[in-house]
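Me: I have a structure open and would like to go through it piece by piece. Could you start with the charged pairs and then move on to how the helices pack?

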Amino acid sequence: MSLSDSLHTLTTLMRQSYEEAARFGRKDADIEHLLLALTLTDTPAGDVLRSHGATWESTVQALQHLDSEALESLGITAPTRTLSPNIAAVEGYTKRVNAVFKKAKKASPDLLSILITLVNEPSGTIARVLDRLGTSAAEITAAAQIRLDTVRPTRRGNHRATSSGVIPTTHTELLAFLRNPINAAIWEPMLLGRTIEAGASNDHFTAPSLSKLRKSHDARTFELYRIGDGDESVAWKITVCGSKKFWPLILQFTVSDDPSAGAATAQSTAASTDESSSVTLHVHVGSEQPSHISPMRRLLAPLAHFTRVLHAHTILVAISNHYRQ
């Protein structure tokens, strides 16, 4: 795994733990929020958790039940729903999370070292959550250690960037969401706030400019073309009208059933009742390059790849947030 991919994996984990803290109205991300973030990663660590009943939905339910029991023992009624994510309200990590990162020594790209340290955290908080999910810290540690002993680094080409994560919805619902051009204004950062209009055909759509008073990103008109639609994938091409500097952006979404979700449901009494309630989404970001590329463009290729990695990550986060509202 390349350095940029490793940083992307860790950055994704940190951002999602902040989001989960915001959902619970906390100003600092704690160990239970780190656990929730791990359940959403398309990594060996995430696979281990989900295969033992710790899907995002089931873990949220377990945490809510534990919080309710603690508050009711004090005569307080717990809130019935989580809040919308506002990571700006989260100030940082608690001492317990920092201790987990420090003890893990280094965040391996697969996050297994963090998972092993987290489930064995001395306060017993994570152990109680796992017990509620029908598993234990010992079982998670053993499974994670096996994966840690067998995982091997892999090389990835720079022709396109990929970001993967687990989305708490069904295979059919997610594909329907991705096929609808109106929803592009939700997940594509360039189209935020725009109204998507139908074009000349069922595969051509337009996002008119937000402002005609100045030459800026808002004043651009984007065109969307659906260039692929399969049983497990949807592909879009995005262009800017009248721009020769903007290379057409190619976005491909591939949806696969989470292989660990079914096993999790069968094993855990607290797991989701729908064994298809979580799927893995792979977001591929590339560009339609001209036949001739200038020497300067070639020199900046590593930076362009890193930018595509961030773009793919941003899209994945937006889609994940949409299904975790």
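**Salt bridges and helix packing**

Reply: Arg50 forms a salt bridge with Asp47, and their closest N and O atoms are 2.7 Å apart; a salt bridge here is a side-chain nitrogen of Lys or Arg within 4 Å of a carboxyl oxygen of Asp or Glu. This is a predicted model, in which local features need pLDDT of at least 70 and side-chain atom pairs count only at pLDDT 80 or more, while totals for chains, interfaces and linings use all residues. Residues are numbered from 1 along each chain as its sequence is written, and side-chain values use heavy atoms, with hydrogens and water left out.

Me: How far apart are Arg50 and Asp47 in helix 3?

Reply: They are 3 residues apart in helix 3 (residues 44-51), and are therefore separated by about one helical turn. Helices are DSSP runs of H or I with at least four residues, strands are runs of E with at least two, and both are numbered from the N terminus. An α-helix has 3.6 residues a turn, so residues three or four places apart point the same way.

Me: Are Arg50 and Asp47 buried or exposed?

Reply: Both Arg50 and Asp47 are buried, where buried means under 20% relative accessible area, exposed means over 50%, and partly exposed is in between (1.4 Å probe, protein chains only).

Me: What about Arg226, which side chain does it meet in a salt bridge?

Reply: Arg226 meets Asp203, with 2.8 Å from N to O. Arg226 lies in strand 6 (residues 222-229) and Asp203 in the loop between strand 4 (197-198) and strand 5 (204-207), so the pair ties together parts that are 23 residues apart in sequence. Arg226 is buried, at a relative accessible area of 17%, whereas Asp203 counts as partly exposed at 37%.

Me: How many salt bridges does the count come to?

Reply: The count comes to 10 salt bridges. Arg15, Glu19, Glu20, Arg23 and Arg324 are linked in a network of them. Within that group, Arg15 pairs with Glu19, the closest N and O atoms being 3.4 Å apart, and these two residues, 4 apart in helix 1 (residues 3-23), are separated by about one helical turn. Arg15 is partly exposed, with a relative accessible area of 35%, while Glu19 is buried, with a value of 2%.

Me: OK, packing now. At what angle do helix 2 and helix 6 cross?

Reply: The axes of helix 2 (residues 31-39) and helix 6 (residues 112-119) cross at roughly 140 degrees and come within 11 Å; axes are lines fitted to C-alpha atoms, for helices over the stretch in contact, and angles run from 0 to 180 degrees between N-to-C directions. That makes helix 2 oblique to helix 6, given that angles under 35 degrees count as roughly parallel, over 145 as roughly antiparallel, 65 to 115 as roughly perpendicular and the rest as oblique.

Me: And which residues make the contact?

Reply: Helix 2 contributes Ile31, Leu34, Leu35 and Leu38, and helix 6 contributes Ile114, Leu115 and Leu118, with contact meaning heavy atoms within 4.5 Å. By class, the contact of helix 2 with helix 6 has 7 nonpolar, no polar and no charged residues; Ala, Val, Leu, Ile, Met, Phe, Trp, Tyr, Cys and Pro count as nonpolar, Asp, Glu, Lys and Arg as charged, and the others, Gly among them, as polar.

Me: What angle do helix 5 and helix 6 pack at?

Reply: Helix 5 (residues 95-104) packs with helix 6 at an angle of about 125 degrees, their axes being 9 Å apart, and the two are therefore oblique to each other. Val100, Phe101, Lys103 and Ala104 in helix 5 meet Ser113, Ile114, Thr117 and Leu118 in helix 6, and this contact of helix 5 with helix 6 divides into 5 nonpolar, 2 polar and 1 charged residues.

Me: Last one, the whole protein: how many helices and strands are there?

Reply: The protein has 13 helices and 9 strands, and 49% of its 325 residues count as buried.
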